[in-house]
Amino acid sequence: MLTTKKLAIAGICIALYLVVMVCTQSFAFGQYQVRIATALYGLSALFPFLVLPFGVANILSNTLMGGLGILDIVGGFVVGIVTTAVIAFGKRHGCGNWIVWVAITLVPGLGVPLWLSAILNIPYWILASTLLVGQCISGFAGMMLVSALERVGVGKFCACEGGRNND
């Protein structure tokens, strides 16, 4: 069920994603795409209802800043949804915070080059190798973010389903 609190958290997360993308776009769209904003995908480990909002955040980001067209917009949406869904599913089924690092590194790192290679006319494995480097950094940052937020009990503080309020 969508509550006002969940809607507010989702809106804040979408806005935060966009602000981080604007502030880091000089290196978020380069050869080594270090998209620090994707570290925020880790929040879906604490708040599974953020799966769809992070997909929307990616649509907005690629529409406003990407400039590579509809394939990149739709592809970014799908990758955002799959990445956050893997994180939420993994955490729900007992995976540690390492699932955040793995999902943020591998799903965008191996998924995004599928269409970027066609758009940019660059071989898949060249793009994948550079994206994996950048996403590895973002994945580690996301894992650290979730670990820190769990330590201070953010899920309990927000008292949302999926937040760590089950104790």
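The model is predicted: local features need pLDDT of at least 70, side-chain atom pairs count only at pLDDT 80 or more, and totals for chains, interfaces and linings use all residues. Residues are numbered from 1 along each chain as its sequence is written, and side-chain values use heavy atoms, with hydrogens and water left out.

**Helices**

- Helices here are DSSP runs (H or I, at least four residues), numbered from the N terminus.
- The expected span of a helix is 1.5 Å times one less than its number of residues.
- Helix α6 covers residues 124-152, which makes 29 residues. At 1.5 Å a residue, α6 should span 42 Å, and its end C-alpha atoms are 41 Å apart, which agrees.
- After α6 comes G153, with a positive phi near 75°.
- Helix α2 has 16 residues. From first C-alpha to last, α2 reaches 21 Å, close to the 22 Å expected at 1.5 Å a residue.
- After α2 comes G67, and its phi is also positive, near 70°.

- Buried means under 20% relative accessible area, exposed means over 50%, and partly exposed lies in between (1.4 Å probe, protein chains only).
- The buried residues of α2 include V51, P53, F54, G55 and A57. Also among them are N58, S61, N62, M65 and G66.
- These buried residues of α2 pack against α1 and α3. Contact means heavy atoms within 4.5 Å.

**Two buried residues**

- A45 sits in the loop between α1 (4-28) and α2 (51-66).
- A45 is buried because its relative accessible area is 9%.
- A45 and T4 are 41 residues apart along the chain, and their C-alpha atoms are separated by 20 Å.
- Q135 lies in helix α6. Its relative accessibility is 4%, so Q135 counts as buried.
- Leaving out residues up to four places away in sequence, Q135 touches Q33, R35, T38, I104, T105, P108 and G109.
- Q135 and L52 are 83 residues apart along the chain, with their C-alpha atoms separated by 20 Å.

**A nonpolar surface patch**

- I70, L71, V74, V78, V82 and V86 make a nonpolar surface patch of about 490 Å².
- Patches are made of residues with over 30% relative accessible area and no salt bridge; like charges are joined within 9 Å, and nonpolar side chains (Val, Leu, Ile, Met, Phe, Trp, Tyr) within 5 Å.
- Accessible areas come from the Shrake-Rupley method with a 1.4 Å probe; for residues, only the protein chains shown count as cover.
- V82 is found in helix α3 (residues 70-92). V82 is partly exposed, because its relative accessible area is 37%.
- An α-helix has 3.6 residues a turn, so residues three or four places apart point the same way.

**Cysteines**

- A disulfide is a pair of cysteine sulfur atoms within 2.5 Å. A search of the whole structure finds zero disulfides.
- C95 is in no disulfide, and the nearest cysteine sulfur, that of C136, is 18 Å away. That distance is too far for a bond.
- C95 is partly exposed at 22% relative accessible area. C136 is partly exposed at 30%.

**The salt bridge**

- A salt bridge is a side-chain nitrogen of Lys or Arg within 4 Å of a carboxyl oxygen of Asp or Glu. By this rule the count is one.
- The side chains of E150 and K91 form the bridge, at 2.9 Å from N to O.
- E150 lies in helix α6 and K91 in helix α3, so the pair ties together parts 59 residues apart in sequence.
- Both E150 and K91 are buried.
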